[in-house]
Amino acid sequence: VQIAATHLHCGPPVGSIASLGEELKADLIVLGSRGMGPLRRLLVGSVSSGLAHEATRPVLIVRGGERAWPPTTIVVGDDGTPVARSAATLAARIGQLYDATLALVQASAALPSDPVAEGEAMIRYSLGMNAPSSAATEVLREERYQRTTEMLNEHAVALQALGIARVVPEIVS
């Protein structure tokens with residue numbers, strides 16, 4: 001790799017790297033990860049994690065040192081936005097170069113809970129009774145799951161139609 005330019009910035013690394021990425025209109029920001037555990041990451045912070053949340057440009061985080069390249073699986077978050085689709089297309093092209101699988105993932109938070117219903121369920125459980133099920137909540141969860149599945153599958157098919165990479169859609173909570 002030939003170095004095109006170097007940049008020296010002072011300040012918080014996450015904000016500085018994200019700003020430089022915007023300034024340069026970077027196609028991709030690549031950085032390594034030291035693989036700190038959750039406690040250490042909580043105490044000292046993680047530049048790679050922070051940048052993945054803050055940057056508006058695509059970010060590639062390489063984990064695992066020298067053993068991590070070439071990649072066998074590339075994980076891409078997909079929330080259905082054009083930015084996410086652009087990042088997934090770029091990741092899939094990288095994956096194609098190395099015959100890697102693209103894991104297209106959407107994280108889904110649990111639906112807001114009803115404290116009254118939860119309290120009632122806990123009392124019923126403690127008395128040895130079956131907790132009442134919330135049919136409305138289950139219907140909403142199922143509808144959201146179906147919409148997300150359809151969106152991810154459509155995106156996976158579109159990426160595969162380009163002949164870019166093996167794509168595995170996945171929903172995680």
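## Buried residues and cores in a predicted model

In helix H3, which spans residues 47–54, the buried residues are Ser48, Gly50 and Leu51. These three lie on the same side of H3, because they cover an arc of only 160° around the axis. The model is predicted.

The chain as a whole holds 6 helices and 5 strands. Read from the N terminus, its elements follow the order α-β-α-α-β-β-α-β-α-α-β. Of its 173 residues, 27% count as buried. The accessible surface of the chain is about 12,200 Å², and carbon and sulfur atoms account for 58% of that surface.

Which residues have the most contacts inside the largest nonpolar core? They are Ile74, Val76, Leu102, Leu104, Leu159 and Val167, in a core of 14 residues.

A second, separate core has 7 residues, including Val14, Ala26, Ile29 and Leu51. Leu51 is also one of the buried residues of H3.

What does Leu102 touch, leaving out residues up to four places away in sequence? Its contacts are Ile74, Val76, Ala88, Ala91, Ala92, Leu159, Arg166, Val167 and Val168. For the chain, among contacts between residues at least 6 apart in sequence, 70% join residues at least 24 apart.

Terms used: Residues are numbered from 1 along each chain as its sequence is written. This is a predicted model: local features need pLDDT of at least 70, side-chain atom pairs count only at pLDDT 80 or more; totals for chains, interfaces and linings use all residues. Side-chain values use heavy atoms; hydrogens and water are left out. Buried means under 20% relative accessible area, exposed over 50%, partly exposed in between (1.4 Å probe, protein chains only). Helices (H or I, at least four residues) and strands (E, at least two) are DSSP runs, numbered from the N terminus. The arc is that of the directions from the helix axis to the C-beta atoms. A nonpolar core is a set of buried Ala, Val, Leu, Ile, Met, Phe, Trp, Tyr and Cys residues joined through side-chain atoms within 4.5 Å. Contact means heavy atoms within 4.5 Å. Accessible areas come from the Shrake-Rupley method with a 1.4 Å probe; for residues, only the protein chains shown count as cover.
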